[in-house]
Every structure is written in structure tokens, then in C-alpha cells.
Amino acid sequence: MTCVPGIPWAALALGVALVEFLRGGDTELAARDVRYGVLLTGGSLLAGALMGLVLAGGLALASRVVTRPWAITLTGALLGALVFPVEFLVVAIGTDGAVAQLGTTFLAWPFMTAVAAAHSTDIVGRTRRRTWLWASAPAPGERPSPVADSA
């Protein structure tokens with residue numbers, strides 16, 4: 001959820017720094033852009049780890065109390081909406097409050113909330129609709145599929 005709005009701005013900052021350095025321009029400006037790129041990349045990754053811990057922990061606690069899948073989805077949406085401002089803060093710091101970057105990040109907020117909501121039942125193990133989240137083992141309570149004899 002976090003790298004979607006932050007990493008493109010980091011790549012842009014590093015690309016601009018490379019162009020400034022190669023054309024023989026201002027090295028201070030290039031160094032500043034490298035700093036912004038590193039700050040956006042590292043900050044987005046750190047924010048992602050924090051958001052993952054909050055989402056997974058909150059969903060794990062909520063799954064003990066809430067039994068309906070729609071309630072888990074709603075909990076995931078609420079947690080996603082509450083933790084996404086961390087990425088907004090990273091983009092604000094890493095771009096010196098640039099309006100275009102902040103506006104794009106702000107517009108990504110509802111989509112990232114929807115992503116958290118859509119995957120929340122899979123995260124707590126209630127469903128297995130998204131196979132890339134799961135190993136090949138069956139879900140709890142499901143019977144393993146019969147294996148044909150290869151001999």
C-alpha cells in the first residue's frame with residue numbers, strides 16, 4: 001500500500017539527480033534530489049512495515065471477536081484508512097510539501113483503503129480467494145484434495 005504513491009516520486013527524484021549530474025549542472029541540487037529519493041524509498045518501506053504490522057495485528061485481534069467476513073472487510077478498510085496518512089507524511093517530507101505529489105498521494109488514499117479492505121479476509125485466513133497470498137496447503141477446515149497415484 002505504501003510504495004505505490006512514494007516509489008514513483010523517488011524514481012523521479014533519482015532520475016532528475018542523474019540528469020543534473022550528467023549535464024554538469026548544480027551538484028548541490030543533484031545531491032538534494034538523491035537525498036529526496038533515498039528518503040522517499042526508505043520512508044515508504046518503513047511506513048509499509050509499520051502499516052503491515054498495524055493491519056495484520058489489528059485484523060488478527062478483530063478476527064477473534066468478529067465472525068462475519070463483511071465485518072473483517074470493514075475492519076480492514078478502517079485500519080487501512082487510519083494508517084495510510086503515514087505514507088502521506090513520508091511523501092510530504094520527501095518532496096518538501098510539493099503540491100502535485102501530495103495531491104496524487106491524497107487521491108491514492110481511498111484506493112489503498114479499498115485494497116486493504118479487499119484483502120483483509122484473506123489476511124486473517126477466512127478465505128483463500130487470492131491464491132498468491134497462500135501456500136498450496138488447504139485452508140483450516142477444508143479437506144485436502146485427493147492426490148492421484150503417480151505409479
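**Helix α4 and its surroundings**

Author: Helix α4 (residues 85-94) packs with helix α5 (residues 99-123) at an angle of about 170°, their axes lying 10 Å apart. This is a predicted model, in which local features need pLDDT of at least 70 and side-chain atom pairs count only at pLDDT 80 or more, while totals for chains, interfaces and linings use all residues. Residues are numbered from 1 along each chain as its sequence is written, and side-chain values use heavy atoms, with hydrogens and water left out.

Reader: Why is α4 called roughly antiparallel to α5?
Author: Angles run from 0 to 180 degrees between N-to-C directions, and those over 145 count as roughly antiparallel; the angle here is about 170°, so α4 is roughly antiparallel to α5.

Reader: Which residues make the contact?
Author: With contact meaning heavy atoms within 4.5 Å, P85, F88, V91 and A92 of α4 meet Q101, L102, T105, F106 and W109 of α5.

Reader: Which residues of α4 are buried, and why are they said to line one face of the helix?
Author: Buried means under 20% relative accessible area (1.4 Å probe, protein chains only), and the buried residues of α4 are E87, V90, V91 and G94. Seen down the axis of α4, these fall within an arc of 95°, so they line one face of the helix. What covers them includes α1 (3-22), α2, α3 and α5.

Reader: What follows α4?
Author: After α4 comes D96, whose phi is positive, near 55°.

Conventions: Helices (H or I, at least four residues) and strands (E, at least two) are DSSP runs, numbered from the N terminus. Angles under 35 degrees count as roughly parallel, over 145 as roughly antiparallel, 65 to 115 as roughly perpendicular and the rest as oblique. Buried means under 20% relative accessible area, exposed over 50%, partly exposed in between (1.4 Å probe, protein chains only). The arc is that of the directions from the helix axis to the C-beta atoms.
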